[in-house]
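Hi everyone, thanks for coming.

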Amino acid sequence: MNAATPASTPAAGGVYRLDLPRFLAVLLGGALFGFGLAASTMIQPQVVLSFLRWQDFGLVLVMGGGVALTALAYALVPRWRRAPLLGGSFERHASAWNRDTVIGSALFGIGWGLCGVCPGPAIAGLGAGNWDLLWALAGIFAGAWWQGRQASAN
């Protein structure tokens, strides 16, 4: 990586390299996210399943608060700062809706509904000692592997 290449761009082979400030920011952000998931009880599949069965609406506040804060940050931070704190630039990420996106979203929703687990809370739940979540993570990783295999074949 030369001096003109930002640390967040892929190096040869598509591998991202993080310098120490970015690594620490990612580590702190992940820890804060995991703590928030644990504090909101989203790491307990039975709580998530009761939300999905319309029995407990506490997670509506958690998810709604997260969506509202993210929407505000995406709208306001680029107005307050010319560039992100750790370099780079603010960019708009285009989403591509196609057959694979719809199928993947449906499978994710079915899996979430069956076991009450999605990737973030599953990893945070492992940190809290819920080792049964390893089964859900195995399924998540198998699905990600399969999607990568299908995408590279096309």
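Before we start, one term: when I say axis, I mean a line fitted to C-alpha atoms, for helices over the stretch in contact, and the angles run from 0 to 180 degrees between N-to-C directions. Also keep in mind that this is a predicted model.

Okay, so let's look at helix H5, residues 119-127, and helix H6, residues 133-153. Their axes come within 9 Å and cross at roughly 140°.

H5 has another partner, helix H1, residues 20-39. The axes of H1 and H5 come within 9 Å and cross at roughly 85°, and the two helices are therefore roughly perpendicular to each other. Here Phe 33, Gly 34 and Leu 37 of H1 meet Gly 120, Pro 121 and Ala 124 of H5. That contact has four nonpolar and two polar residues, with no charged ones.

Now let's move to helix H2, residues 45-52. The axes of H2 and H3 cross at roughly 95° and come within 9 Å, which makes H2 roughly perpendicular to H3. From H2, Val 47, Val 48 and Phe 51 meet Leu 59, Val 60 and Met 63 in H3. By class, you'll find six nonpolar residues in this contact, no polar and no charged.

Last stop, H3 itself, residues 58-80. How far does H3 reach from its first C-alpha to its last? This helix of 23 residues spans 33 Å, close to the 33 Å expected at 1.5 Å a residue. There's a bend to look for, though: a kink of about 30° lies at Tyr 74, shortly before the proline Pro 78.

Key
Residues numbered from 1 in each chain as written. Predicted model: local features only at pLDDT ≥ 70, side-chain atom pairs only at ≥ 80, totals over all residues. Heavy atoms only, no water. Helix = DSSP H or I, 4+ residues; strand = E, 2+ residues; numbered from the N terminus. Expected span 1.5 Å × (residues − 1). Bend = angle between axes of the 7 residues up to and from the residue. Parallel < 35°, antiparallel > 145°, perpendicular 65-115°, else oblique. Contact = heavy atoms within 4.5 Å. Nonpolar A, V, L, I, M, F, W, Y, C, P; charged D, E, K, R; others polar.
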